[in-house]
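Here's a quick tour of one model, built around its strands and its charged side chains. Have the sequence and the coordinates open as you read.

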Amino acid sequence: IYDWSGSFLGMEFNKIRHLVEPSIGYHDNETFGVKRKQLYMFDTVDTANTLRQLVIGIENRIQTKRKYKNELKRVDVVSLNTYLFFDANSDLPGIEDTTGFTNMRNDITLRPYDWLVVEWINNINMMNGGFNNSNTDVVLSYKDKFSILIGHRYIPTESNMDGSSQLVIDTEYKLNSRWSIGGYVRTEFDTGSVEEWELRLIRNLSCGWFLDFGYNVRKSEID
């Protein structure tokens, strides 16, 4: 714990704490009978893979306390979490019959101000050094009244799959203590086409329950 309080570039700090938390886990999922690649992929049940995976992680968090409604509460100003995946003869697409480190996942979150959150999540293919995917979000908010998320979703082009680079916008406005309205749109950068959009009305039922009424339109490749 660093016994320092003050502000830097408008960011409020009331003491600073750096936490480092290592972790290790093992995932095992055995499949029997017909191989996954011999099945027609009708739903997620048919995509089940044989998985023998060791996950080594380290989580870094820089924390402080900030005043919310006259009460000091803990805030993770910076979160940097990294995970390495070691696969042993897994049946996952692209790494079938491979033993070794195959993927590295990074979760990075910044909360410099009460009204701003920046998050970047990416998965790096350790076999070719490229990205498997990358998601970036910037969230701007005004108290509990209004919030807008501006994000980018990226998947690289591969031999068996088309790539994608999409802009995502999601916003919500609180009308009163019971009702909110919101909207969502997802657009492909290369073509400019709208892949999905949504309008919604949210009813706060209290006790942590919410009821959504919405209209969603999603582009489909199925005729």
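E2 and E3 pair in the antiparallel sense, with 14 bridges between them; two strands count as paired if DSSP finds at least two bridges between them. Strands here (E, at least two residues) are DSSP runs, numbered from the N terminus. Before going further: this is a predicted model, where local features need pLDDT of at least 70 and side-chain atom pairs count only at pLDDT 80 or more, while totals for chains, interfaces and linings use all residues. Residues are numbered from 1 along each chain as its sequence is written, and side-chain values use heavy atoms, with hydrogens and water left out.

**The sheet**

- Twelve strands make up an open sheet with antiparallel pairing, in the order E1-E2-E3-E4-E5-E6-E7-E8-E9-E10-E11-E12.
- Strand E1 (2-8) and strand E12 (209-218) sit at the edges with a single partner strand each, so one side of each has no neighbour in the sheet.
- On average, neighbouring strands of this sheet are turned by 15° against each other, direction ignored; the axes behind that angle are lines fitted to C-alpha atoms.
- In the E2/E3 pairing, Gly25 has Val55 in E3 as its bridge partner.

**The two ends of the sheet**

- E1 and E2 run antiparallel and are joined by five bridges.
- Tyr2 has Ile16 in E2 as its bridge partner.
- A hairpin is formed by E1 and E2, with two residues between them, and Leu9 in the turn has a positive phi of about 55°.
- At the other end, E11 and E12 run antiparallel with ten bridges joining them.

- Where does Arg61 sit? Its place is in strand E3.
- Arg61 is buried at a relative accessible area of 17%, where buried means under 20%, exposed over 50% and partly exposed in between (1.4 Å probe, protein chains only).
- The side chains of Glu21 and Arg61 form a salt bridge (3.4 Å, N to O), a term that needs a side-chain nitrogen of Lys or Arg within 4 Å of a carboxyl oxygen of Asp or Glu.
- That pair links distant parts of the chain, with Glu21 in strand E2 (residues 11-29) and Arg61 in strand E3 (residues 51-68), 40 residues apart.
- Glu21 is partly exposed, with a relative accessible area of 39%.
- The side chain of Arg61 also has a polar contact with the side chain of Glu59 (3.1 Å); such a contact is a pair of N or O atoms within 3.5 Å, and within protein one must be able to donate a hydrogen and the other to accept it, while residues adjacent in sequence count only if both atoms are side-chain atoms.
- Leaving aside residues up to four places away in sequence, Arg61 touches Arg17, His18, Leu19, Glu21, Asp76, Val78 and Ser79, with contact meaning heavy atoms within 4.5 Å.

- How many salt bridges does the structure hold? There are twelve.
- Side chains of opposite charge can pair when their charged atoms come close.
- Glu195 and Lys219 meet through their side chains in a salt bridge (3.9 Å, N to O).
- This one links distant parts of the chain: Glu195 lies in strand E11 and Lys219 in the segment after E12, 24 residues apart.
- Glu195 counts as buried at 16% relative accessibility.
- Arg218 and Glu196 form a salt bridge whose closest N and O atoms are 3.3 Å apart.
- Arg218 is in strand E12 and Glu196 in strand E11, 22 residues apart.

**Arg200**

- Arg200 belongs to strand E11 (residues 194-206) and is buried, with a relative accessible area of 14%.
- Its position is opposite Gly214 in E12.
- A polar contact of 2.6 Å connects the side chains of Arg200 and Asp170.
- Residues touched by Arg200, not counting those up to four places away in sequence, include Glu172, Tyr184, Asp212 and Phe213.
- The C-alpha atoms of Arg200 and Asn216 are separated by 8.4 Å, and the two residues are 16 apart along the chain.

**A loop residue**

- Gly129 lies in the loop between strand E6 (116-125) and strand E7 (131-142), and it counts as exposed at 58% relative accessibility.
- Gly129 and Met104 are 25 residues apart along the chain, with 9.8 Å between their C-alpha atoms.

Key:
Helix = DSSP H or I, 4+ residues; strand = E, 2+ residues; numbered from the N terminus. Axes fitted to C-alpha atoms, helices over the stretch in contact; angles between N-to-C directions.
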